[in-house]
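Please prepare a short briefing on the protein model below.

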Amino acid sequence: MRVAITDRREYGGTCALRGCVPKKVLAGAAEVVARVHDQQGNGVRGTVSIDWPALIAFVRTFTDPTPRRKEESLREAGVDTYHESARFVGPNRVMIGDDTLTARQIVIAAGAHPRPLGVPGADLVTSSDDFFYLETLPDRIVFIGGGYISFELAHVAARAGSSTTILQRSGRVLKGFDPDIVDRLVLASREIGIDVQVNMPLVSVERTTAGLLVRAGKKGEESTFEADMVVHGAGRVSTTEGLGLAAGNVATDRRGIAVDDLSFYPIKGSAPYQRTHIGCSDTPQGREAIERIDQALHDIPVEQVQKSYAAWLDPVMREHYLRDNPNFFQEVPTP
């Protein structure tokens, strides 16, 4: 079997190049500064500060080698690598540059990109991707959106000496997280000088002789914020543009590529795989999916997967499934 992969950007992906890895390096430095500051008067004297250019150079020692190493590892495994966007030209065909590839299985893992802001001056806003590679850190930074990306980067910038502001369009930041913990985070953020503003939907961004001017707020109640940089932290949307999904018979909805009711999560323990979680809805499609997965799992040699299963189904579906599969939870020791 031949395998091919393509990416219009550097190989390595978001986490290694524009997310988790560089963020952890920056956050680690910010944490050191915070801990020294908090221990002042408790047996610790003196101050420390972040040397931003040196810190970014340190970040690059992790990120710069990644694309080459990742691509080399893929090629050593026999994977053909490409460096252009792909688009469907048929249900089982994609075009990459001038090459047309045909495959039985095509995996779409195009990720996401910053949500369009749809306001005047949106082109003046910096992507959070670019924050990790700033040669110099601006004195005044406004973050658009009150999600965890904005809070993480705002704390790094604040500990590095920048004046930071977070603008959240609704009345609450970090929706979906525990409200009590969020309240404590907002308090801690304000204590170190981060200006957290709610009910501030973005209206516009414009360039001035002094830098950038951000207008935000409800109609008739707008406020202005001066900045040297405005960073996009207002969420991301699925990257589906230009993929030719219709030609590939790939259905889409408002969130991106439409998926079925099946959720199948293999969870790694110490090798081999220890446990498999199966979830589906009580529908004909769900029942069919369970049958297919159950058959597939039983076809896998015991030495590759320990037959210790957990089913998370609708109550009726669970009852029916366990009635027909009484040995579903039977433990089979791995050789």
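V142 has V230 as its bridge partner in strand 14. Strand 14 (residues 229–232) and strand 8 run parallel and are joined by four bridges; strands count as paired if DSSP finds at least two bridges between them. Helices (H or I, at least four residues) and strands (E, at least two) are DSSP runs, numbered from the N terminus. This is a predicted model, in which local features need pLDDT of at least 70 and side-chain atom pairs count only at pLDDT 80 or more, while totals for chains, interfaces and linings use all residues. Residues are numbered from 1 along each chain as its sequence is written, and side-chain values use heavy atoms, with hydrogens and water left out.

**Strand 8 and its other partner**

- Strand 8 (residues 140–144) is largely enclosed by the rest of the structure, because four of its five residues are buried; buried means under 20% relative accessible area, exposed over 50%, and partly exposed in between (1.4 Å probe, protein chains only).
- Strand 9 (residues 163–167) runs parallel to strand 8, and five bridges join the two.
- Within strand 9, L167 is the bridge partner of I144.
- From strand 8 the chain passes through helix 6 (residues 148–159) to strand 9, in a right-handed β-α-β crossover. Right-handed means that, with the strands pointing away from the viewer, the path from the first strand over the helix to the second runs clockwise.

**L26**

- L26 lies in helix 2 (residues 20–38).
- L26 counts as buried because its relative accessibility is 0%.
- Beyond its neighbours within four places in sequence, L26 is in contact (heavy atoms within 4.5 Å) with W52, L55, I56, V59, F131, F132 and V156.
- The C-alpha atoms of L26 and F58 are 9.4 Å apart, with the two residues 32 apart along the chain.

**Surface**

- I106, I108, I257 and V259 form a nonpolar surface patch with about 300 Å² of accessible area together.
- Patch members have over 30% relative accessible area and no salt bridge; like charges are joined within 9 Å, and nonpolar side chains (Val, Leu, Ile, Met, Phe, Trp, Tyr) within 5 Å. A salt bridge is a side-chain nitrogen of Lys or Arg within 4 Å of a carboxyl oxygen of Asp or Glu.
- I108 sits in the loop between strand 5 (99–102) and strand 6 (112–114), and is partly exposed at a relative accessible area of 31%.

**Whole chain**

- The protein chain has nine helices and 20 strands.
- Of its 335 residues, 35% are buried.
- Among contacts between residues at least 6 apart in sequence, 60% join residues at least 24 apart.
- The protein chain exposes about 20400 Å², of which carbon and sulfur atoms supply 51%; accessible areas come from the Shrake-Rupley method with a 1.4 Å probe, and for residues only the protein chains shown count as cover.
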